[in-house]
Protein chains: 2
Amino acid sequence: MDVMNIESKPEKMEVSTGPLPASRKVYVSGTEFPDIKVPMREIDLHPSANEKPVRVYDTSGPYTDPQAKIDMYKGLERKRTAWIKARGDVEEYEGREIKAEDNGNASGKYLAEEFPVKHRPLRAKAGQNVTQMEYARRGIITPEMEFIAIRENMSRAELGEDYKRDEYAEDFGANIPDEITPEFVRQEVAEGRAIIPANINHPEAEPMIIGRNFLVKINANIGNSAVASSVGEEVEKMVWATRWGADNVMDLSTGRNIHNTREWIIRNSAVPIGTVPIYQALEKVNGVAEDLTWEVFRDTLIEQAEQGVDYFTIHAGVLLRYVPMTAKRVTGIVSRGGSIMAKWCLFHHKESFLYTHFEEICEIMKAYDVSFSLGDGLRPGSIADANDEAQFGELETLGELTKIAWKHNVQVMIEGPGHVSMNKIKINMDKQLKECHEAPFYTLGPLTTDIAPGYDHITSGIGAAMIGWFGCAMLCYVTPKEHLGLPDREDVKVGVITYKIAAHAADLAKGHPGAQLRDDALSRARFDFRWEDQFNLALDPEKAREFHDQTMPKEAHKVAHFCSMCGPKFCSMKISQEVRQFADNGMAEMAEKFKETGAELYQTVDANKKANDSL
Amino acid sequence: MDVMNIESKPEKMEVSTGPLPASRKVYVSGTEFPDIKVPMREIDLHPSANEKPVRVYDTSGPYTDPQAKIDMYKGLERKRTAWIKARGDVEEYEGREIKAEDNGNASGKYLAEEFPVKHRPLRAKAGQNVTQMEYARRGIITPEMEFIAIRENMSRAELGEDYKRDEYAEDFGANIPDEITPEFVRQEVAEGRAIIPANINHPEAEPMIIGRNFLVKINANIGNSAVASSVGEEVEKMVWATRWGADNVMDLSTGRNIHNTREWIIRNSAVPIGTVPIYQALEKVNGVAEDLTWEVFRDTLIEQAEQGVDYFTIHAGVLLRYVPMTAKRVTGIVSRGGSIMAKWCLFHHKESFLYTHFEEICEIMKAYDVSFSLGDGLRPGSIADANDEAQFGELETLGELTKIAWKHNVQVMIEGPGHVSMNKIKINMDKQLKECHEAPFYTLGPLTTDIAPGYDHITSGIGAAMIGWFGCAMLCYVTPKEHLGLPDREDVKVGVITYKIAAHAADLAKGHPGAQLRDDALSRARFDFRWEDQFNLALDPEKAREFHDQTMPKEAHKVAHFCSMCGPKFCSMKISQEVRQFADNGMAEMAEKFKETGAELYQTVDANKKANDSL
């Protein structure tokens, strides 16, 4: 991996670039829209495998393409602009002027550098609705939809991949076709069962879809806080998270410089970016929740929609009557947005402006195609509080709001918990599907126990895999630092890999037709002792190689037909290969031959003995 | 943590000792057997909590008791010897003479130091059967059984803990009582639904139980290989693994010095030790599987039984007719024991001596109370091979062997996979319960995907939590090094903590009556910003503290009412506490008062501002 280091500017901007090991970027063109180029990663295998390269879903954007010119100060290529303009329903306009409060009134050396390039924002022409749901419901297949269909299929049919459905698969009522067509994408979006987060002001993003009839997706949270980190670090965290597989990134920055930080992130992001606009609105009223107003919030929505935020977490389901239900909880309200709105509701003793102005919010969303991520402000913060009346009351309200958003053809996903013991996870999923009319579910974990701070990527990875299997469409990662501190680069990677595991385990269990191809390729590599292939096919090739090399560092060991766990004599894989030869050649006949040539069985071991002895 | 370093001997023997943070060792006496002392760990909370200390299950042995005298060269106190001798059914005898082949013919500087103290072994007197199952079926409650009852209850009733069953708990037909009585332990052992691995020659071990109506247990594997590690390292791995919560340890050593390494481990182990005797037997025939004989194997069983091994993995279910079924697998046979036996069967074209001499094996087991861990030699090594005819054929045979062992009143658990996607895990559990007549299940993971070498503690932790929930009694850990190398100390810890998470998540989901007490105590600490308590109640207090201190290192921050994730303004816990006050005092009345005193709400934040600014 290379690190691209641009030092010509006041702030050093370093991001990770270069392909992953043995990997090539390939682009697949569209049929209906020949100019679309869907990125995929091809992992080459050792010639001895005599196997095709393995194609995998690729979220990393141009950063892993050695042919791509990356200039963090210009931003990524705005490929989608042409598609958007071709629809003829948008207009460029001056846009809202940036205010000092957008950056928390930071000035001088405390003000983060502005992004150097200015783009005039787009919005829907008067009377138009530019959401993918609008098009879908009008029967229109957009380039975004074909892009997604190609991306989800991973060229299985074209490559003649011998994929099969697991006959014991259980998808709990999902409906994953063998092949995703653009028309299927359209239908799913039209029905509200999937969303395509794709703000018209974020044309740098590569289209992707969130829905339970597609591959399970993951989200990585980044963002500076009042306490730590810089713009450059956050941009690199975004690039880094997508390098390892984050499908979406949420920028949860608080404190100063929110606007400028976000601009750098969006302009350089090939994945959709989500935010929680109430965080910035709160900064604008100096952190006093009760001073929040609809006007400040509305202004913040427009600010962020013009920048290109693809989805907004909006905690419009925190109703006044639910708030007292949290008083007897062990951990009260743990959602930041939820607690802010609860405080506002209590102070003013009325329903929040998010709820009372919900239709106006929809009007804004549809002018830019911002998707709702309806926030679970009352999610449980502990095992003790899971599935209580506050949480489920809010979920029912989110179902009502979903219907309102859909009336406006605005795309919606629903956020979910949180801390939930395993026995209560399916109850959450089933209730969400029912109450929210099959709108995609997007959960944080859930964490299946509270007793392991420092390992909450694991406590939650367990819950995430399960709820992904049960039907959750996107899993918001949790890093090892959860509850303890802000994640650093390594934490982000561990969080992403853990959630790729959860999402993939869910795809396998749901019987996704192509999911097992990579498992099988890696298993064959394992059986054949193709160590390099085993590393390269891993979700984290660097870590796999590093761990192997700790005990068997030499290059000769990369072809060794054993590993450090068992040594050559005990290698079951080796013995197993002999068993296979037996079976291939007829057992009785071979039993005799085996006795004759028995001494030769360990020839390979002897050949490897030198490597072994030199350890 | 202290490191006890004894340098007076040729090999340096360092083990980890000293209590965990804020923890005290307490011992609870028996009622029927007043001399038994059941160890528990009490975690003290901050005085401001006004809460009782939290008692947790303690596997760490005397190493965490500052009062205990530890001498690695003498071994742990042999507390159980008196109980065993009191039963009047054992005899001391000379025992088998140690042979050069027991240590792989190592000599001179290559021979690991012998353990300095020799104990004459015990065995059942002629015609006697000394298994816990024998006693249980005769209606006898042993001291081991009362010890276990006390240990499983964690003094909940005596301490007046306000525990409750989760009304949504799902135990899939398990039968976990509110309180475990010695009689319940006896019944479960008599029925074969639980085992107490307790070789009469391992009187140093603290009794524990494996069964689905008890707390879910975990096993850690250690052991040197031909390629790496020393006796001292392995003994420390055992101590280290139990320090973090391993209920059992398997010594999977191969290569030379197996006998001497094992003696050091057993004499110093407070948890049951398991082995796979075929590994040592294979060393005795120079690694040539087909040269294995019943005589060599039998001699090895006696050697290990006399040393005190508590359970033997025996792959007696690998039948000749199953072996060809593995030929078309993606990864063949991945169990070392399984592949050794498969090769033997093929070579000789007959059923293995493990199967044909099974009743003789039972005779040996019952003379020492060694438990069977019936090995799954044909477990799947990849997602592709899960639940196939070879695996399930063997499982059916293990069910038949279980009946035979039970005829001898020998305790049995059944080993299980392996690599299994989530949708196939419950099928495994249900089939095991049915085919093996509810004998306890003991699984390796299972790993829910193959694509993440370097993270297989996580791919398998997901499967382990689920199968634990479904009824698996003991979960064999997988470390991050699985498939790549031998685990080091840090890997062992990560593996153990991951599996403690899985086991605990399973206990919660099953509705174990006391499991949630620790979660609730930690959640209350979290809500109250009792950082020290949060660390101390964590499964890994060191890691939790280390992560917190990376962003907020100062002692002042340990009382800060916020953390680095959100900073003071966005702290939902803080706001939530205000909401709770509101609710306590009647909302309408408080709304007015709140407005008046609103300015004071952030007083605490201001108080903390100095700490924040100094970051």
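**Entry 1: A:Arg87**

I began with A:Arg87, which sits in the loop between α1 (80-86) and β6 (90-92) of chain A. Helices (H or I, at least four residues) and strands (E, at least two) are DSSP runs, numbered from the N terminus. The model is predicted, so I note that local features need pLDDT of at least 70, that side-chain atom pairs count only at pLDDT 80 or more, and that totals for chains, interfaces and linings use all residues. Residues are numbered from 1 along each chain as its sequence is written, chains are lettered from A and ligands numbered from 1 in the order in which they are written, and side-chain values use heavy atoms, with hydrogens and water left out.

I looked up the accessibility of A:Arg87 and found it partly exposed, at 21% relative accessibility. Here buried means under 20% relative accessible area, exposed means over 50%, and partly exposed lies in between (1.4 Å probe, protein chains only). Leaving aside residues up to four places away in sequence, I listed the contacts of A:Arg87 as A:Arg80, A:Gln132, A:Tyr135, A:Thr142, A:Pro143 and A:Glu144. Contact means heavy atoms within 4.5 Å. I also took one distance: A:Gly511 is 424 residues from A:Arg87 in sequence, and their C-alpha atoms are 37 Å apart in space.

**Entry 2: the two chains**

I then compared the copies.

**Entry 3: domains of chain A**

I noted two domains in chain A, domain 1 (59-512) and domain 2 (566-614). Their C-alpha centres lie 53 Å apart. The bounds come from an automatic or database domain assignment.

**Entry 4: the barrel of chain B**

In chain B I followed a closed barrel of 8 strands, β10-β11-β12-β13-β14-β15-β16-β17, with parallel pairing. From one strand to the next the twist averages 25 degrees. Two strands pair if DSSP finds at least two bridges between them.

I checked two of the pairings. β14(B) and β15(B) pair in the parallel sense over 3 bridges, and B:Ser373 has B:Met413 as its bridge partner in β15(B). Strand β16 (residues 441-444) of chain B runs parallel to strand β17 (residues 474-476) of chain B, and 3 bridges join them. There B:Thr443 stands opposite B:Leu475.

Where do the residues of β15(B) point? B:Val412, B:Ile414 and B:Gly416 point one way, B:Met413 and B:Glu415 point the other way, and all are buried. Because 5 of its 5 residues are buried, β15(B) is largely enclosed by the rest of the structure.

Helix α13 (residues 389-407) of chain B lies across β14 (371-374) and β15 (412-416) of chain B, and runs at about 165 degrees to β15(B). Axes are lines fitted to C-alpha atoms, for helices over the stretch in contact, and angles run from 0 to 180 degrees between N-to-C directions.

**Entry 5: salt bridges**

I counted 98 salt bridges over all chains. A salt bridge is a side-chain nitrogen of Lys or Arg within 4 Å of a carboxyl oxygen of Asp or Glu.

The pair A:Lys426 and A:Asp430 has its closest N and O atoms 3.0 Å apart. These residues are 4 apart in helix α14 (residues 425-435) of chain A, so about one helical turn separates them. A:Lys426 is partly exposed at 26%, and A:Asp430 is partly exposed at 36%.

A:Lys493 forms a salt bridge with A:Glu542, with closest N and O atoms 3.2 Å apart. This pair links distant parts of the chain, 49 residues apart, with A:Lys493 in helix α16 (residues 489-510) and A:Glu542 in helix α19 (residues 541-551) of chain A. A:Lys493 is buried at 5%, whereas A:Glu542 is partly exposed at 32%.

B:Glu303 is in helix α9 (residues 294-307) and B:Arg96 is in the loop between β6 (90-92) and β7 (122-124), 207 residues apart. Both B:Glu303 and B:Arg96 are buried.

Last, I recorded a network of salt bridges in chain A that links A:Arg96, A:Lys99, A:Asp102, A:Arg262, A:Lys284, A:Asp299 and A:Glu303.
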